[in-house]
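User: I am new to this structure and would like to learn how to read its features one at a time. Could you give me the general idea first, and then the case at hand?

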Amino acid sequence: MQERWKRWQHGLVQSLLLYHGREDHALVRVLLLASIGTVGMPLYYVIWQNFFPQEYESLPLRLLGILLCALGLFARQFSRRMLHVYLLVTLSYIFPFFFTFMFLMNHGSGVWSESLLIGLVVLFHFDTSLAAKAYLTGTTIACVSVALLGEGAAMLSRPVLQQLPIHIFTIAALSAAKISRHVLAQEKLAGLGAGLATVAHELRTPLTSVDANVRGLLRMYTDTSNRTKEDRLSAIDALARIQFEVRHMNHMIDLFLLSATAVRQNLRPVEAVKMEGVVEAVLKRYPFSNATQQKLVTLELRRDFTFAGQTELSVVILLNLLRNALKAVQRAGKGRVRVVVDGAHQPPRLLFIDTGCGIPAQQMPLIFRRFYSHPPHNGAGIGLALCEEIMLAWNATIHCVSREGAYAIFILEFPEQQPIQR
């Protein structure tokens with residue numbers, strides 16, 4: 001039963017997100033507005049006429065609103081231009097005109113002041129320019145109509161005037177929220193673009209190397225007349241290089257897939273993980289460029305420890321840290337990498353120590369920020385941010401101590417005897 005409830009929740013959330021993401025899908029909103037209005041207009045006429053009578057109520061205006069909403073139920077047959085005109089007319093009539101007219105004719109009553117405020121919130125969830133046109137048009141016609149009916153004094157009454165600052169603030173807040181949502185969407189697109197650029201960059205270099213080695217082999221084996229021992233050794237070297245580059249590409253693809261999976265999945269700790277086993281598995285799995293680079297990395301086991309986490313996500317963290325450390329050593333042209341499993345420390349911890357280029361002091365507060373990378377071309381900036389997110393989900397911590405040009409130490413500390421959540 002609980003699993004079924006979770007699936008229903010997930011489905012509902014995904015449906016809402018899908019709808020919310022369709023900013024330009026006017027048809028969906030028209031159908032929703034038409035359905036609510038067709039039911040709501042007659043329903044609230046009955047409520048305000050019979051159960052909670054208001055000072056003023058108008059059946060003809062209600063019927064016109066019902067007609068406009070009912071027309072929207074056939075919006076699938078509208079052309080694009082007709083759909084835009086229908087939205088402008090219907091929004092102008094229902095939210096600004098009808099709600100403002102009833103608000104003024106009822107002399108700023110509590111029921112209609114709240115109804116008008118809700119109407120403005122709904123109105124400005126549509127396109128801002130469309131909502132602004134509808135608001136100005138509908139409100140102007142409502143005020144003129146009230147004046148022609150001899151109720152102009154109501155517009156200058158205290159209950160009405162004191163609503164104006166609230167309405168202005170509501171419109172401004174909704175407009176600002178839509179701008180911030182647009183900015184967030186642009187940031188997501190920028191992050192996606194940076195991620196794709198990183199994938200292209202990571203795969204382009206080994207593919208170029210593979211292509212060069214293959215062309216060399218083709219030339220060598222095309223010319224069979226002058227093949228020497230050095231040629232055979234060159235061929236073996238080229239094949240070894242191709243094998244390394246293919247392993248490297250497979251590793252990068254695995255890392256990107258693991259990171260993408262980690263972003264989507266539940267991060268909570270669900271199993272007991274032995275730190276030594278994970279570290280050794282990562283060191284065996286990592287595609288070192290050669291034996292020399294592999295010898296730069298040493299594992300120091302002071303005492304093994306077990307922590308509550310997920311093996312797959314642990315691999316994601318360690319692969320990211322090892323890759324960053326080796327890149328720092330490569331950029332500096334010197335240094336080594338030391339991985340220390342220190343279960344004797346309180347709390348148990350894992351240290352990633354590299355004596356490469358280090359991190360500038362001004363960059364230190366930014367290294368765990370999503371989409372930030374240093375140097376800027378060094379990646380998409382999601383690796384360390386993801387590591388920190390996973391560690392926090394495990395009630396663990398990760399931080400860095402560094403000196404530019406000398407070293408960088410990433411310290412991962414784990415709580416003792418953390419309960420496993422099933």
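Analyst: Two strands are said to pair if DSSP finds at least two bridges between them, and the elements themselves are DSSP runs numbered from the N terminus, with helices being H or I of at least four residues and strands E of at least two. In this sense Val341 stands opposite Leu350 in β5. Please keep in mind that this is a predicted model, in which local features need pLDDT of at least 70 and side-chain atom pairs count only at pLDDT 80 or more, while totals for chains, interfaces and linings use all residues. Residues are numbered from 1 along each chain as its sequence is written, and side-chain values use heavy atoms, with hydrogens and water left out.

User: What is the strand order of the open sheet of five strands?

Analyst: The order is β2-β4-β5-β7-β6, and the pairing is mixed. β2 (297–303) and β6 (397–403) stand at the edges with a single partner strand each, so one side of each has no neighbour in the sheet. From one strand to the next the twist averages 15°, where angles run from 0 to 180 degrees between N-to-C directions and axes are lines fitted to C-alpha atoms, for helices over the stretch in contact.

User: How many bridges join the strands that run antiparallel, for instance β6 and β7?

Analyst: β6 and β7 are joined by seven bridges, and Arg403 stands opposite Tyr407 in β7. These two strands form a hairpin with three residues between them, and Gly405 in the turn has a positive phi of about 80°. Strand β4 (residues 337–342) pairs with strand β5 (residues 349–354) in the antiparallel sense over six bridges. β5 also pairs with β7 in the antiparallel sense, over six bridges, and there the bridge partner of Arg349 is Glu413 in β7.

User: Which helices lie against these strands, and at what angles do they run?

Analyst: Contact here means heavy atoms within 4.5 Å. Helix α10 (residues 275–285) packs on the sheet, where it touches β2, β4 and β5, and its direction makes about 170° with that of β2. Helix α13 (residues 383–393) lies across β6 and β7 (407–413), running at about 140° to β6.

User: How do α12 and α13 pack, and which residues make the contact?

Analyst: Helix α12 (residues 311–332) packs with α13 at an angle of about 145°, and their axes are 10 Å apart. The contact includes Leu313, Val316 and Ile317 of α12, together with Leu384, Cys387 and Ile390 of α13, among others.

User: Is His167 buried or exposed, and what is it in contact with?

Analyst: A residue is buried under 20% relative accessible area, exposed over 50%, and partly exposed in between, using a 1.4 Å probe and protein chains only. His167, which has its place in helix α8 (residues 164–222), is buried because its relative accessible area is 5%. Leaving aside its neighbours within four places in sequence, His167 is in contact with Leu116, Leu117 and Leu120.
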